[in-house]
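Here's a quick walk through a two-chain model. Have the viewer open and follow along.

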Amino acid sequence: MIARGPTRWLGVVALLGALAGGCARARHDGDARWIADAERRHALADQQLQAGNVAAAREALLGIVDGRTPADLPAGDRRGVLQDTYFRLAELDLKAGDPRAALTDVQRGLGLGGADDLFVANLLVVRGAAHEAMDDGAAAAADYHAALVINDKLLAETLQESRDARPAPGATP
Amino acid sequence: MKRLAIALLLVGACAVAERPGPTTPAATADEQELARAYDDLRRADGEFRTVQAQATPPDCARIAPLRDNICALAARICQLADRQPPGTPAADHCTDGKARCQAAVEASEARGCPTKKVLLAPSHSG
């Protein structure tokens with residue numbers, strides 16, 4: 001099974017990215033509370049998983065996707081936090097040996113909107129893993145490749161940003 | 001902050017560049033203080049060089065994980081492609097993934113990012 005570790009890592013990175021991005025903007029109190037609550041629930045899920053209580057971890061995460069989101073929350077922030085949560089729920093489904101439930105969670109996540117970012121890439125990876133668990137190697141390879149292409153685009157953007165940030169040769173700092 | 005402190009110490013050191021020689025009479029309290037400051041400077045400079053030598057270029061914190069994702073996914077795709085009948089899209093995905101992994105490794109190396117040995121699964125498909 002591919003990269004349970006990496007997928008979890010991606011989730012952490014992705015959520016941190018969403019929260020960091022959110023901090024860059026002025027926020028309404030409701031937005032900040034909702035994001036802080038989501039962060040708290042993710043931390044609680046981590047604790048429960050460490051304690052071996054998968055049901056409680058799932059409960060903590062479901063509280064994010066089942067709850068109401070602030071009406072004026074920026075769409076990208078909402079999508080990112082919810083997609084990351086669906087990603088984690090799908091991971092739990094897979095660990096519980098239920099790839100069909102994982103596919104359902106992934107579809108809910110992807111249904112929130114597409115973008116070339118780690119949130120979508122994570123969902124594609126976990127969907128690929130679900131396909132693998134269902135012995136559909138071709139579908140798994142297609143999902144993994146789609147996730148790979150997104151990672152490659154993000155890498156290209158990162159490389160470009162770092163090129164742009166570097167002073168031109170001979171420039172005075 | 002540490003760089004600033006070191007810079008300030010360096011400026012201070014320039015002012016006391018003339019170290020007492022072996023024939024110099026016993027140091028005054030001021031000279032002893034300066035000598036201590038100079039020793040501190042040397043120590044801080046050593047620490048700074050150590051930290052600088054260990055430091056990773058800042059971009060690598062973003063570049064390396066993306067590179068590793070790309071190569072891990074490519075490796076997995078190629079493993080899957082090996083189990084597919086010839087001519088299926090998975091083989092093309094494998095070939096493309098390997099190429100992107102190679103490019104990512106080269107780009108990260110060009111940036112001086114720490115390399116991580118990535119072993120792509122041997123594949124008949126690319």
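## Starting at a loop

Asp117(A) is partly exposed, since it has 18 other C-beta atoms within 10 Å. For reference, a residue is buried if 20 or more other C-beta atoms lie within 10 Å of its own, exposed if 12 or fewer, and partly exposed in between, with C-beta atoms placed from the backbone. You'll find Asp117(A) in the loop between helix H5 (99-110) and H6 of chain A. How far apart are Asp117(A) and Leu154(A) in sequence and in space? They're 37 residues apart along the chain and 7.2 Å apart in space, C-alpha to C-alpha.

Before going on, a word on provenance: this is a predicted model, where local features need pLDDT of at least 70 and side-chain atom pairs count only at pLDDT 80 or more, while totals for chains, interfaces and linings use all residues. Residues are numbered from 1 along each chain as its sequence is written, and chains are lettered from A and ligands numbered from 1 in the order in which they are written.

## The two chains

Both chains come out helical. Chain A has 7 helices and 0 strands, in the order α-α-α-α-α-α-α along the sequence. Chain B has 4 helices and 0 strands, running α-α-α-α from the N terminus. Helices here are DSSP runs (H or I, at least four residues), strands are E runs of at least two, and numbering starts at the N terminus.

How much is buried in each chain? In chain A, buried residues account for 40% of its 173 residues; in chain B the figure is 22% of 126 residues. Then there's contact range, where two residues are in contact if their C-beta atoms, placed from the backbone, lie within 7 Å. Take contacts between residues at least 6 apart in sequence: in chain A, 61% of them join residues at least 24 apart, and in chain B, 72% do.

## Where the chains meet

At the interface, 26 residues of chain B are in contact with 20 residues of chain A. On the chain B side, the elements giving two or more residues are helix H3 (60-82) and helix H4 (89-110) of chain B. H3(B) supplies the largest share of that side, 14 residues. By class, the chain B side has 14 nonpolar, 5 polar and 7 charged residues. The classes work like this: Ala, Val, Leu, Ile, Met, Phe, Trp, Tyr, Cys and Pro count as nonpolar, Asp, Glu, Lys and Arg as charged, and the others, Gly among them, as polar.

## Helix H3 of chain A and its neighbours

Back in chain A, helix H3 (residues 54-66) has 13 residues and reaches 18 Å from its first C-alpha to its last, close to the 18 Å expected at 1.5 Å a residue. That expected span is 1.5 Å times one less than the number of residues. Ala57(A), Ala60(A), Leu61(A) and Ile64(A) are the buried residues to look for in H3(A). They cover an arc of only 90 degrees around the axis, so they sit on the same side of H3(A); the arc is that of the directions from the helix axis to the C-beta atoms. On the other side of H3(A), Ala55(A) and Asp66(A) are exposed.

What do the buried residues of H3(A) pack against? Helix H2 (29-50) and helix H4 (75-95) of chain A. The axes of H2(A) and H3(A) come within 7 Å and cross at roughly 170 degrees. Axes are lines fitted to C-alpha atoms, for helices over the stretch in contact, and angles run from 0 to 180 degrees between N-to-C directions. H2(A) and H3(A) are therefore roughly antiparallel, a label for angles over 145 degrees. The contact of H2(A) with H3(A) has 10 nonpolar, 2 polar and 1 charged residues.

H4(A) has 21 residues, and 16 of the 21 are buried, so H4(A) is largely enclosed by the rest of the structure. One residue in helix H4 of chain A is Gly80(A), which is buried with 27 other C-beta atoms within 10 Å. After H4(A) comes Gly97(A), with a positive phi near 80 degrees.

Asp135(A) also has a positive phi, about 60 degrees, although it is not a glycine. Most residues other than glycine have a negative phi. Asp135(A) lies in the loop between helix H6 (118-133) and helix H7 (137-165) of chain A, and counts as exposed with 10 C-beta neighbours inside 10 Å.

How values were computed: Parallel < 35°, antiparallel > 145°, perpendicular 65-115°, else oblique.
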